[in-house]
Amino acid sequence: MAAPRAPLHLVMPVWNRGTRGIRGLSRAVALEGSQKKGRSLLQFLADRFYDVQALREYLLQKQVLKVHQKNRPFTYIKERFGPHAAGAYFILKQGGAVKFQGKEWIRSDAHGHFSLDFLKFQAVPVEAVNASGCAINYQGLDSLLALKELRSLWLQRCPHVDDWCLGRLHPLANSLQELSLAGCPRISERGLASLHHLQNLRRLDISDLHAVSNPGLTRILVEEMLPSCQVLGADWAQGLPSGPDEQSQDKASPIPA
Amino acid sequence: MRFSDQNGKMSEIKKKIQSVLPGGAWNPPYDTSYLPPEHSDVVIVGGGVIGLSVAYWLKRLEKPRGAIRVLVVERDHTYSQASTALSVGGIRQQFSVPENIQLSLFSVEFLRNINEYLAVVDDPPLDIQFNPSGYLLLASEKGAAVMESNVKVQRQEGAKVCLMSPEQLRNKFPWINTEGVALASYGMEYEGWFDPWCLLQGLRRKVQSMGVLFCHGEVTRFVSSSSHTETTSGEEVTLKRIHEVHVKIDRSLEYQPVECALVINAAGAWSGQIAELAGVGKGPPGTLQGTKLPVERRKRYVYLWHCPQGPGLETPFVVDASGAYFRREGLGNNYLGGCSPTEEEEPDPGNLEVDHDFFQDKVWPPLAQRVPAFETLKVRSAWAGYYDYNTFDQNGVVGPHPLVVNMYFATGFSGHGLQQAPAVGRAVAEMVLDGHFQTINLNPFHFSRFYLGEKVQEHNII
């Protein structure tokens with residue numbers, strides 16, 4: 001462009017330089033500025049902002065679908081072998097451990113394989129379930145709620161168990177005696193309020209719940225709510241890991257306001 | 001005369017001339033970004049939870065993506081008088097009309113999966129602070145039969161509600177005085193209360209990321225055109241179609257005419273005024289043209305008190321047979337509650353001032369009789385909010401107007417709008433995009449019932 005005509009092209013040339021729409025604009029500007037060898041990866045991604053955005057949304061959706069897939073119900077096993085076997089299969093598939101009444105603990109090995117012998121125990125009820133660390137969520141609880149004679153349920157460090165799931169545990173009120181919710185990141189005092197349906201509960205572990213705003217006060221209120229239940233955890237030593245020595249320190253020290 | 005370019009003044013003048021001449025980019029000399037666009041496919045009047053829910057579902061159900069331009073017009077971006085922000089936040093399925101139960105069931109599922117529906121990349125997940133403590137409705141001798149039939153309907157629709165006798169009530173909740181209570185219905189799952197402000201902000205954030213435009217202004221005028229047709233019986237009928245919505249900018253006399261295809265009236269307590277602007281109800285009384293939208297503002301008080309010996313953590317949302325209600329708030333023995341006044345005692349809805357004598361005379365006595373621990377309490381604070389009260393039958397109005405053909409209503413929920421908002425939004429979006437309801441059939445909530453006199457009476461209004 002000749003110099004005297006340059007000022008008049010202030011507005012026009014960016015549009016006219018054979019660009020293909022909006023994307024061409026940034027390319028036009030970029031080529032002027034960065035004369036280094038090739039564009040960096042960041043520039044490449046920034047040119048395709050909406051595509052990257054759509055890809056990230058897709059990946060987010062896929063993660064969610066993965067958890068849903070893990071929590072699908074096993075209706076065939078339930079119809080063929082009964083609700084106890086279906087519940088046991090579900091827990092073992094997730095990586096937990098199951099104990100039938102009168103038998104030993106069954107758990108899957110490091111590769112996720114487990115023996116299917118328990119399908120022979122047709123009418124033997126499941127007594128204890130250890131689902132610690134499993135990706136069990138609201139839908140997955142369907143399989144657990146069918147276990148009408150469940151005595152103890154351990155849901156330690158489950159990342160998807162939240163207040164809504166606790167509101168769903170009331171069908172187990174007749175049999176459940178031990179419940180452990182230690183370390184679940186999504187449980188707060190609002191979900192703990194719905195545990196009052198479980199009148200037969202004798203041991204409740206609510207240590208290490210990060211979403212609870214006031215652990216000491218919550219523990220007092222839960223103890224008032226469930227008078228015949230022993231409530232563990234959530235006292236003044238909040239930073240310390242829960243262990244067997246915590247129970248002996250229980251008696252003497254005051255709980256801070 | 002020496003012509004020199006002093007400080008770029010020449011280039012400025014050149015820019016101005018270029019912006020006016022055709023063929024150049026439009027660089028207006030002043031900033032107009034506060035004005036709404038000149039064209040929009042759908043204009044939603046009201047930016048509360050119902051309006052935002054309609055916007056969300058419109059953008060979610062549209063095919064192809066980005067097909068519909070939606071504009072939400074909200075007069076007050078601080079939501080200082082909006083019913084959503086001042087709501088107590090309860091959600092229940094214990095209604096008598098089956099459609100209400102279905103709406104509430106879907107809405108609670110939406111809230112449970114809120115982080116899947118309203119997820120925005122890079123933003124933190126929403127925590128609506130749901131308390132799954134359930135609702136406890138108490139009935140005296142007179143209301144026991146109605147309550148039983150209601151619970152039957154609720155169970156049929158899939159709500160988990162159980163009936164309790166006074167004996168069972170005393171065992172479960174020893175702090176209740178069951179004198180005068182014949183029956184109680186208790187929601188075991190999916191009922192409780194949550195934080196409505198969080199839902200509002202979550203919807204706003206998601207809806208903005210989906211491309212809905214917001215405008216801070218007030219709708220002052222509708223420009224419409226009419227056409228005359230004849231019905232089968234030979235009567236003349238005038239159909240109106242709204243072409244433009246005049247949006248007046250806040251604190252200014254400037255307005256922008258927005259050309260639109262559809263208008264959705266989600267203005268809550270002020271829907272009656274918006275409907276009048278559109279010409280609904282202008283005609284001889286007793287005809288369809290003369291039927292006004294019977295939604296008016298009603299003021300309701302909410303009081304927060306502290307009671308040191310009050311009911312514990314398991315307290316549900318208790319609604320007494322007399323209409324007084326209360327629920328726990330937080331861990332510190334604070335309680336929220338109130339009572340709906342009778343028709344004669346309705347307070348003046350002109351402002352949101354709180355009447356503390358109302359608590360002393362009408363709220364405290366029934367609650368203290370029901371929960372003896374409440375005899376010693378101290379009121380900490382109080383506020384007032386509006387119900388978009390439907391004087392006809394206290395249920396929502398959803399669907400298009402029969403004569404003003406492109407105005408859709410989503411209002412009149414009389415105190416249970418928040419808990420039905422996600423489902424109502426989806427129903428209105430289905431009506432707009434497909435012409436009929438697909439998932440929940442809300443035909444009983446059509447506007448024409450006001451003219452035909454068919455009441456869909458909801459008995460469990462709090």
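This is a predicted model: local features need pLDDT of at least 70, side-chain atom pairs count only at pLDDT 80 or more; totals for chains, interfaces and linings use all residues.
The expected span of a helix is 1.5 Å times one less than its number of residues.

Select the seven strands of chain A that form an open sheet with mixed pairing, in the order β2-β1-β3-β4-β5-β6-β7. At the edges are β2 (105-107) and β7 (230-232) of chain A; each has a single partner strand, so one side of each lacks a neighbour in the sheet. Direction ignored, neighbouring strands here are turned by 15 degrees against each other on average.

Next, select β1 (residues 97-100) of chain A together with β2(A). The two run antiparallel and are joined by three bridges. To find one contact point of the pair, pick Ala97(A), whose bridge partner in β2(A) is Arg107(A).

From first C-alpha to last, the twelve residues of α6(A) reach 17 Å, close to the 16 Å expected.

Colour α6(A) by burial, taking under 20% relative accessible area as buried. Ten of its twelve residues qualify, so α6(A) is largely enclosed by the rest of the structure. Among them are His84(A), Tyr89(A), Phe90(A), Ile91(A), Leu92(A) and Gln94(A). What do the buried residues of α6(A) pack against? Show α4 (49-70), α5 (75-81) and α7 (141-145) of chain A, along with β1, β2 and β3: these are the elements they pack against.

Finish at Gly95(A), which follows α6(A) and has a positive phi, near 105 degrees.

Conventions. Residues are numbered from 1 along each chain as its sequence is written. Chains are lettered from A and ligands numbered from 1 in the order in which they are written. Side-chain values use heavy atoms; hydrogens and water are left out. Two strands pair if DSSP finds at least two bridges between them. Helices (H or I, at least four residues) and strands (E, at least two) are DSSP runs, numbered from the N terminus. Axes are lines fitted to C-alpha atoms, for helices over the stretch in contact, and angles run from 0 to 180 degrees between N-to-C directions. Buried means under 20% relative accessible area, exposed over 50%, partly exposed in between (1.4 Å probe, protein chains only). Contact means heavy atoms within 4.5 Å.
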